Structures are given as structure tokens and as C-alpha cells.
Amino acid sequence: MTAAWKAAGLTYNRYLAIAARTVRRSLKETARLNAERRGQMDLRFAKWTDGKQGDVQSLAKANTEAVAAQAEK
């Protein structure tokens, strides 16, 4: 028997994200706010050149800058 999330055409990660968001929204106010903060992510990366780490940057900020640079071209 196929899992319901697979039959619905979802990946397992997407299914988990939907389930987590549903649970967070069902909580009372204080617990909900704490859970929502835990659900946020801030990804960072660093470019390595010749074995040395470059500056650590926020992925969201780097993506925004790259989109703006592409729009200018």
C-alpha cells in the first residue's frame, strides 16, 4: 500500500513541512510563537579558495543580490 503523501504526489520532505506547519498553527499563542521561531532557518555559506575559507554570508542575502545583479543585465 502506498503512503498517502506519496499518492498525493508529495515528497516526504514536503509532507513533513506541511505537517509541522499544521501542528505549529494549532498551538496556543505562546507555544505557537516559540515553535514558529524554531521553524525558521538562516542558512549561511562560505566560498573556499585555495584551501582558505572566505567570508561567511547569508544565503538569502546572497540570493537577493544575485537576482538584483541579473535584473540589471
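Where in the protein is confidence lowest, and where is it highest? Color by pLDDT, the predictor's confidence in each residue from 0 to 100, and look at two elements. Helix α3 (residues 29-39) has the lowest confidence, with a mean of 80, while strand β2 (residues 52-58) has the highest, at 89. Helices (H or I, at least four residues) and strands (E, at least two) are DSSP runs, numbered from the N terminus. Over the protein, pLDDT averages 84, and 93% of the residues score at least 70.

Some ground rules: this is a predicted model, where local features need pLDDT of at least 70, side-chain atom pairs count only at pLDDT 80 or more, and totals for chains, interfaces and linings use all residues. Residues are numbered from 1 along each chain as its sequence is written, and side-chain values use heavy atoms, leaving out hydrogens and water.

Next, select 1-40 and then 42-72: these are domain 1 and domain 2, with bounds from an automatic or database domain assignment. Their C-alpha centres sit 29 Å apart.

Now pick Asn 13, in helix α2 (residues 12-26). Asn 13 is exposed, at 62% relative accessibility (buried is under 20% relative accessible area, exposed over 50%, partly exposed in between; 1.4 Å probe, protein chains only).

Jump to Asp 50, in the loop between β1 (44-49) and β2. Check its backbone: phi of Asp 50 is near 55°, a positive value in a residue other than glycine. Most residues other than glycine have a negative phi. Asp 50 is exposed too, with a relative accessible area of 77%.

Finally, draw a distance between the C-alpha atoms of Asn 13 and Asp 50: 35 Å, for residues 37 apart along the chain.
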